[in-house]
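Me: I would like to learn how to read a structure feature by feature. Please take one feature at a time, with the general idea before the case.

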Amino acid sequence: MRAARLMSLVLLLQSRGGMTAAELARELEVSERTVHRDVLALSEAGIPVYADRGRGGGYRLLDGYRTRLTGLDRAEAEALFLSGVPEALREMGLGEVAATARLKASAALSPGLRDAPATAAQRFHLDAPGWFASERPPPEPLAPLARAVWGDHPVTALYRGAERTLEPYGLVLKAGVWYLATRSAIYRVDRFSTVAVHADRRFDRDRDFDLAAFWAGRAAEFTRSLLTTRVTVRLSPDGMRLLRHVADPAALGEALASAGEPDEQGWTTLVLPVESPEVAYGQCLRFGPEAEVVDPPELRSRLAEAAARMSRLYGPPPAEPGRGRPSRGHP
């Protein structure tokens with residue numbers, strides 16, 4: 001651990017020119033006393049680190065000194081390509097490796113380009129989870145599965161109570177949820193109870209496997225498999241404009257393909273694929289008065305009941321006692 005910290009200290013000074021003990025302590029997440037001890041150790045090892053005295057001083061390397069520690073190893077190079085998703089790296093246990101890789105890359109840049117990482121960080125940030133997602137720790141099986149994916153090691157895992165031996169090809173982070181991809185299936189990482197990595201063995205990876213294409217195909221297939229209910233609706237022109245905001249994206253193409261010509265009132269009849277009658281009820285409510293359910297009759301009746309309740313809720317309030325119509329004989 002200390003050797004990695006000493007290397008990081010040298011790379012920080014090489015990439016930034018000079019830093020105070022306080023700045024180094026913040027970057028390395030240690031005390032200033034530890035920074036002073038590390039600088040002394042580096043000097044004793046022959047690294048030309050010297051201190052600028054006085055106000056605004058700090059530590060810097062002798063002008064012209066270049067470390068030979070900037071070569072990336074495989075793990076650092078792979079982590080560097082994932083550096084746009086720092087939260088995902090931390091959850092997979094690769095945060096420290098990625099930080100070292102970024103330092104090495106910065107140290108290898110010419111002086112005129114050393115502000116490039118900071119410039120990019122000021123202008124672009126990726127926040128993968130969806131809105132309103134509650135903070136939750138990463139699933140415990142994620143780190144061992146990540147090690148297995150990087151090393152092409154098979155795993156024996158307990159998934160929903162059943163033991164499986166899997167060849168983990170890749171990991172996918174979708175809206176804050178992690179998934180494991182094998183050559184032919186996808187598993188939710190948080191549904192694994194235990195994971196044992198067989199680090200002494202490697203499986204033969206299919207070199208033509210395309211994780212992004214595999215995920216896209218399986219995700220679309222999975223979404224379509226959920227759309228088991230069909231609802232026939234009439235939509236007003238405003239309802240047609242609302243359709244793409246109400247319908248599931250996987251259902252939109254089929255719905256538009258089923259649409260007939262608008263009738264005399266400008267309303268269009270189409271068949272809307274939905275996940276279940278309950279989901280259909282919620283989606284049709286979102287259309288408001290811009291949609292009429294034709295079929296199934298059970299859903300039509302339920303929406304009619306909801307419309308009647310809303311009419312009573314938003315209709316004129318009942319007359320208060322003593323404030324109704326005047327009785328006969330009074331002006």
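Reply: Start with the elements. Helices, of at least four residues, and strands, of at least two, are DSSP runs numbered from the N terminus. This is a predicted model, and its protein chain has 13 helices and eleven strands.

Me: How many residues does the protein chain have, and what share of them count as buried?

Reply: Buried means under 20% relative accessible area. The protein chain has 331 residues, and 32% of them fall in that class. The accessible surface comes to about 21200 Å², with 53% of it belonging to carbon and sulfur atoms.

Me: What share of the contacts comes from residues 24 or more positions apart?

Reply: A contact means heavy atoms within 4.5 Å. Among contacts in the protein chain with a separation of 6 or more, residues 24 or more positions apart account for 62%.

Me: What does Val-231 touch, not counting residues up to four places away in sequence?

Reply: Val-231 touches Leu-270, Val-271, Leu-272, Val-274, Ala-280, Val-293, Asp-295, Pro-296 and Leu-299.

Me: Asp-295 is on that list. Is Asp-295 buried, exposed or partly exposed?

Reply: Asp-295 counts as partly exposed because its relative accessibility is 36%, and the class lies between the 20% and 50% limits. Asp-295 sits in strand 11. Leaving aside neighbours within four places in sequence, Asp-295 is in contact with Val-231 and Thr-232. Its C-alpha atom is 9.2 Å from that of Val-271, a residue 24 positions away along the chain.

Me: Back to helix 12. Which of its residues are buried, and what covers them?

Reply: The buried residues of helix 12 are Ala-280, Tyr-281, Gln-283, Cys-284 and Phe-287. Their cover includes strand 9, helix 10, strand 10, strand 11 (291-295) and helix 13. Just after helix 12, Gly-288 takes a positive phi of about 65°.

Me: Why does Phe-287 count as buried?

Reply: Phe-287 has 2% relative accessibility, so it counts as buried. Leaving aside neighbours within four places in sequence, Phe-287 is in contact with Leu-235, Gly-239, Leu-242, Leu-243 and Val-246. Phe-287 and Asp-238 are 49 residues apart in sequence, with their C-alpha atoms 9.0 Å apart in space.

Me: Now a strand. Why is strand 6 described as largely enclosed by the rest of the structure?

Reply: Five of the five residues of strand 6 (residues 177-181) are buried, so the rest of the structure largely encloses this strand. Val-177, Tyr-179 and Ala-181 point one way, Trp-178 and Leu-180 point the other way, and all are buried.

Me: Which strands pair with strand 6, and in what sense?

Reply: Two strands pair if DSSP finds at least two bridges between them. Strand 5 (residues 170-174) pairs with strand 6 in the antiparallel sense over five bridges, and Lys-174 stands opposite Val-177. Their hairpin has two residues between the strands, and Ala-175 takes a positive phi near 50° there. Strand 7 (residues 186-188) also pairs with strand 6 in the antiparallel sense, over three bridges. Ala-181 stands opposite Ile-186 in strand 7, and the hairpin joining strand 6 to strand 7 runs through four residues.

Me: How many residues of helix 8 are buried?

Reply: Seven of the ten residues of helix 8 (residues 142-151) are buried, leaving the helix mostly covered. They are Leu-142, Pro-144, Leu-145, Ala-146, Ala-148, Val-149 and Gly-151.

Me: Finally, the surface. Which residues form a nonpolar patch there?

Reply: Met-310, Leu-313 and Tyr-314 form one, with about 390 Å² of accessible area together. Tyr-314 lies in helix 13, and it counts as exposed because its relative accessibility is 64%, against a cut-off of over 50%.

Key:
Residues are numbered from 1 along each chain as its sequence is written. This is a predicted model: local features need pLDDT of at least 70, side-chain atom pairs count only at pLDDT 80 or more; totals for chains, interfaces and linings use all residues. Side-chain values use heavy atoms; hydrogens and water are left out. Patches are made of residues with over 30% relative accessible area and no salt bridge: like charges are joined within 9 Å, nonpolar side chains (Val, Leu, Ile, Met, Phe, Trp, Tyr) within 5 Å. Accessible areas come from the Shrake-Rupley method with a 1.4 Å probe; for residues, only the protein chains shown count as cover. A salt bridge is a side-chain nitrogen of Lys or Arg within 4 Å of a carboxyl oxygen of Asp or Glu. Buried means under 20% relative accessible area, exposed over 50%, partly exposed in between (1.4 Å probe, protein chains only).
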